[in-house]
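This briefing covers selected local features of one protein chain. The notes are grouped by topic.

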Amino acid sequence: MNHRQLLHFAGDPPPLYQPSTAPFWDDEHISKGMLEAHLTPDRDGASRKHSFIRSSAEWIAALCRSRDAVDLLDLGCGPGLYAERFCLAGLRVTGVDLSRRSVAYAAESAARQGLAIDYRCQNYLRLPFEAAFDAAVLIYCDFGVLSPKDRQVLLANVRRALRPGGLLVLDVFSHRQLRHFTEGRSVSFLQEGYWSPLPHLCLQNNVYYAETDNTLEQSVIVTEGDCRCYNLWNQLYTAQSLQDELAAGGFGEIQLFDRVDGSPFTDRADTLCAVALSR
């Protein structure tokens, strides 16, 4: 193990949106725990509680029906919890996700149920579609995980994938999410766990970047022969900053909600949901 590297990670907080040193979403071990978290019905983990997913999917499907939208692109589809509900509601669904394990599970689940969902394991920053969809969704605050540059790329990709006037539905964390975020450092030792199947130290460092309204959850994982750093970033939004970013990305007629289930906008929730049309 490179001890100099460990000291580097344990020092000052990293520059904004510095990437992880190892894959996260498609790691062979981590993806097992992530899939389990997706499928746990009564916990907000990799996915929200399944009761919320049900009401959220019903609301989005109704939005699509109200605009005669049929073809839907589910970005970051995971194991298909939303995609299956969209398909059962009569939409033609294409799901995109970076995790091979989640996409494989989703495809197997759809096949068992006879659901014609097109699942693709790929990075949604490199979407190949052009004017192929009436609607696109990006759910559970995945948008704010991306750097500002990557968010611009994603919005451009989604605009290209949507037909004129296509619908985009996404949610982000608001400033009120800071109520649940605790800055500080901690160290723990585990024989095995979410980050590694091997005995390991976990150096956890949570940082709030006030100037840019970003949070960082940094996990440095030290095993006998390795040291990895996972940087999980998030952008916090105000109603205005979200609308401005979507408008700059080519979307208009922006409606805001508290949550991605149609809850009326109060500006007091931990999340913001935007429904916007491509221009």
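Does Y140 count as buried, partly exposed or exposed? At 21% relative accessibility, Y140 counts as partly exposed, where buried means under 20% relative accessible area, exposed means over 50% and partly exposed lies in between (1.4 Å probe, protein chains only). This is a predicted model, in which local features need pLDDT of at least 70, side-chain atom pairs count only at pLDDT 80 or more, and totals for chains, interfaces and linings use all residues. Residues are numbered from 1 along each chain as its sequence is written, and side-chain values use heavy atoms, with hydrogens and water left out.

**Backbone with positive phi**

- Most residues other than glycine have a negative phi.
- Y140, a residue other than glycine, has a positive phi near 75°.
- Y140 sits in the loop between β4 and α6 (148-161); helices (H or I, at least four residues) and strands (E, at least two) are DSSP runs numbered from the N terminus.
- C141 lies in the loop between β4 and α6, and its phi is also positive, near 60°.
- C141 is buried, with a relative accessible area of 1%.
- D68, which follows α3, has a positive phi near 55°.

**Helix α3**

- Helix α3 covers residues 50-66, which is 17 residues.
- From its first C-alpha to its last, α3 reaches 24 Å, close to the 24 Å expected at 1.5 Å a residue; the expected span is 1.5 Å times one less than the number of residues.
- The buried residues of α3 are H50, F52, I53, S56, A57, W59, I60, A61, L63 and C64.
- An α-helix has 3.6 residues a turn, so residues three or four places apart point the same way.

**Packing of α2 and α5**

- The axes of helix α2 (residues 30-39) and helix α5 (residues 100-113) come within 9 Å and cross at roughly 45°.
- Axes are lines fitted to C-alpha atoms, for helices over the stretch in contact, and angles run from 0 to 180 degrees between N-to-C directions.
- α2 and α5 are therefore oblique to each other; angles under 35 degrees count as roughly parallel, over 145 as roughly antiparallel, 65 to 115 as roughly perpendicular and the rest as oblique.
- On the α2 side, S31, K32, L35, H38 and L39 meet R101, S102 and Y105 of α5, with contact meaning heavy atoms within 4.5 Å.
- By class, this contact has 3 nonpolar, 3 polar and 2 charged residues; Ala, Val, Leu, Ile, Met, Phe, Trp, Tyr, Cys and Pro count as nonpolar, Asp, Glu, Lys and Arg as charged, and the others, Gly among them, as polar.

**Annotated region**

- An unreviewed UniProt entry carries the annotation "domain: Methyltransferase" for residues 73-166.
- Over residues 73-166 the chain is 38% helix and 26% strand, with the end C-alpha atoms 11 Å apart.

**Buried residues in strands and a loop**

- D71 is placed in strand β1 (residues 71-75) and counts as buried at 12% relative accessibility.
- Not counting residues up to four places away in sequence, D71 touches R92, A132, F133, D134, A135 and R163.
- Q122 is in the loop between β3 (118-121) and β4 (133-138) and is buried, with a relative accessible area of 19%.
- Beyond four places in sequence, the contacts of Q122 are V96, D97, L98, L127 and P128.
- I221 belongs to strand β8 (residues 214-222) and is buried at 4% relative accessible area.
- Leaving aside neighbours within four places in sequence, I221 has contacts that include W195, H200, C202 and Y230.

Technical notes. UniProt positions renumbered as here; feature names shortened; annotations may be inferred.
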